[in-house]
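Please keep the sequence and the structure in view while reading.

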Amino acid sequence: MCGIVGYVGNEQAAPILLDGLERLEYRGYDSAGLAVCGEHGGLTVKKTKGRLQVLREMTHDGADQPGCTGIGHTRWATHGVPNDVNAHPHVSQSGHIAVVHNGIIENYAEIRRELTEKGYHFQSETDTEVVAQLLDYFYQDCNDIFEAVVRMIHTVDGAYALGIVCADCPDRLIAARKDAPLLLGYGKDCNFIASDVTAIIRHTRDITYMEDGEMAVVEGDSIRIYNSQLQPVEKKHYYIDWEIDAAEKGGYDHFMLKEIFEQPVAIRKAIAPRIQGGKVVLRDLKMTPEEIRHIRKIFIIACGSSYHVGMVGKYNLERMLRKSVEVVLASEFRYSDPIVGPEDLVIVISQSGETLDTMAALREAKKRGARILSIVNVVGSSIARESDDVLYTWAGPEIAVATTKAYSTQMAVLNLVGLYFADVMGTMLKSDYDEVVKGLQEIPGKMESILSRVDDIKAIAKECAGHENVFFIGRNVDYALSLEGSLKLKEISYIHSEAYASGELKHGTISLIEDGTLVIALSTYGPLFDKAMSNVVEVQARGACVLALTTDSHRAEMEKAVPMLLTISDIQEMLLPQLGVVPLQLLAYYMALERGCDIDKPRNLAKSVTVE
Ligand code: AGP
């Protein structure tokens, strides 16, 4: 999604903004631009379609834009095709005001019509340009940029994170937020605005998150924040303790590969402090044992890969708690008039903590009285702040659009929640509980062993990369895992891929299997191994070429049946997807690499989906 960065201080703004935008590249974008308040009045605006390198060349790494106050933007097109004109910043007709925006102005067509009648000429097809022209309109009247922003905000509907500069007050940025992430960074003799912390972490670790309805006046030596009633507000500061290296590639060809290899460490960080003396201890959970015992039903709400974690969670939590668990796509939940109330627990899963659909579903559930427990990676993000309880995954920054370590740590934390609740509810045999706890602690080591065999997976990926259609099949937790394996493959390699519960094949999909079709048969789940074998035979009889994923204990049997095999160590059944996902991530990565794809920034995708 769009990325925003803004700087005001004593140094030249443009190079700092370009550096910040580079760090936001992972969010996905199709064009980029800068607006800087000139040293001798006026604004300089440079923007272009394409990669940031083009903007760098156009501005000579920012040198062509003198001035110490500016805003930068990477755009991910929603209204209007990706081109130079639609790129941000958008400038008002008078040329005095420039705006960068993340979100969607829903009533833009109506505002555009009204302003056109008043003599405004629009250059772009974007919803954002109405913000710039509306500000111009109000500014002509009041000659005060803050007042103009207040009036503009009362006129627009929709979602926005906004950065605004005005040539008449060149030492100031104005920021505003509603339903799109924006944070403020406190530097030394300078201050920042940014969509996320990676953009400014080189300059400051002292930040605060803006809330919906807030506005900020940012100057080099102060930041004043106001709520929607225009009262000044004091805000909690967060200290960001990520290593800068964590947001850089560190010798790997891609962030995705680096993040795949970071999984053992990430899982250790997520679980080690939460297991003490063989028991799960969730000190960060405020829910009382009494409240846990009285949960009627559990909902898990998320999007994309986070939803796939929820699918594994359904199998595991129902097994651990003998309680009904419903997994719902956030985008469906919010409009489904959900039957959820004060007696229910809603577990919200999100890496970014900013996914708009997930946020909206959370609010819907909260409005109906449900208790919200979120599992989130980004500390202080919107979803984390609006939840009753938050369990952080502590995976560090995830830069590649295709999630890997966030998926794994979300699943580990969800398993911890299951164990903790089972202990409180008394729903698990001690021996089973102990086995899962022990298994969780073994995951990092077993993941390392899979990662050490990366060359085998690379070789198989090479053989498979030419296929244009792939089917993933599995039962139980293997089915849940197949959803993620398939998504990973399609999002970065652009190979058409589908995931099916193996038992469903005969009900239609099997008609698509023909000579040479690649079927990836996930057969790690021991209790249903024989059934998985039958499905392998079934698709092979129709000509399929099968790549199987199974455990060491089933290797010998599976080896006899299929031409290509991946294996993982045996582990407690509920934890199989924690290991099984690693070869599937690597398979997708190397298949995409073979096909020459832009792995970290796949086409049409954004890291943080902050629009509906
Ligand atoms: C998966 O690789 C994607 N990045 C995507 O499906 C992602 O999981 C989804 O958009 C949800 O994001 P969130 O976890 O930040 O809410």
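Rings of Phe, Tyr and Trp, the last taken by its six-membered ring, form a pair if their centres lie within 6.5 Å. The structure, which is a predicted model, holds nine aromatic pairs.

**Aromatic pairs and cluster**

- Phenylalanine 471 and tyrosine 500 have ring centres 6.4 Å apart and planes at 35°, so their pair is tilted.
- This pair links distant parts of the chain, 29 residues apart, with phenylalanine 471 in strand β22 (residues 469–474) and tyrosine 500 in strand β23 (residues 496–501).
- Phenylalanine 471 counts as buried at 3% relative accessibility, whereas tyrosine 500, at 23%, counts as partly exposed.
- Tyrosine 589 and tyrosine 590 form an edge-to-face pair, with 4.8 Å from centre to centre and 85° between the planes; both residues are buried.
- One aromatic cluster is made up of Tyr120, Tyr137 and Phe138.

**Charges over rings**

- Arginine 274 places its charged end over the ring of tryptophan 394, at 3.8 Å from the ring centre.
- The charged end of arginine 603 sits over the ring of tyrosine 494, 3.8 Å from its centre.

**Largest pocket**

- The volume of the largest pocket is about 670 Å³, and among its 37 lining residues Cys303, Gly304, Ser305, Leu487 and Val609 are the closest to its centre.
- Domain 2 (247–449) and domain 3 (454–594) both give residues to this lining, so the largest pocket lies between them.
- Helix α16 (477–493) is one of the elements that each supply at least two lining residues, and its six residues are the largest share.
- By class, the lining has 15 nonpolar, 15 polar and seven charged residues.

**Second largest pocket**

- The second largest pocket has a volume of about 460 Å³.
- Its lining has 21 residues, of which Asp241, Trp242, Lys269, Trp394 and Gly396 lie nearest the centre.
- Helix α7 gives the largest share of this lining, three residues.
- The lining divides into 14 nonpolar, two polar and five charged residues.
- Domain 1 (3–241) and domain 2 (247–449) each contribute at least three residues to the lining of the second largest pocket.

**Cavities**

- The count comes to four cavities of 30 Å³ or more.
- The largest cavity holds about 270 Å³ of space; of its 24 lining residues, Tyr26, Arg27, Asp196, Ser352 and Val378 are the closest to its centre.
- Its lining comprises 10 nonpolar, eight polar and six charged residues.

Key
Residues are numbered from 1 along each chain as its sequence is written. This is a predicted model: local features need pLDDT of at least 70, side-chain atom pairs count only at pLDDT 80 or more; totals for chains, interfaces and linings use all residues. Side-chain values use heavy atoms; hydrogens and water are left out. On a 1 Å grid over the protein atoms alone, a cavity is a set of points where a 1.4 Å probe fits but cannot get out, and a pocket is an open set with protein on both sides within 12 Å along at least five of seven lines; lining residues have an atom within 4 Å of a point. Grid points are joined across faces, edges and corners, and a volume is the space filled by probe spheres set on the points. Ala, Val, Leu, Ile, Met, Phe, Trp, Tyr, Cys and Pro count as nonpolar, Asp, Glu, Lys and Arg as charged, and the others, Gly among them, as polar. Rings of Phe, Tyr and Trp (its six-membered ring) pair if their centres lie within 6.5 Å; planes under 30 degrees apart count as stacked, over 60 as edge-to-face and the rest as tilted. Helices (H or I, at least four residues) and strands (E, at least two) are DSSP runs, numbered from the N terminus. Buried means under 20% relative accessible area, exposed over 50%, partly exposed in between (1.4 Å probe, protein chains only). A charge sits over a ring if NZ of Lys or CZ of Arg is within 6 Å of the ring centre and within 35 degrees of the ring normal. Domain bounds come from an automatic or database domain assignment.
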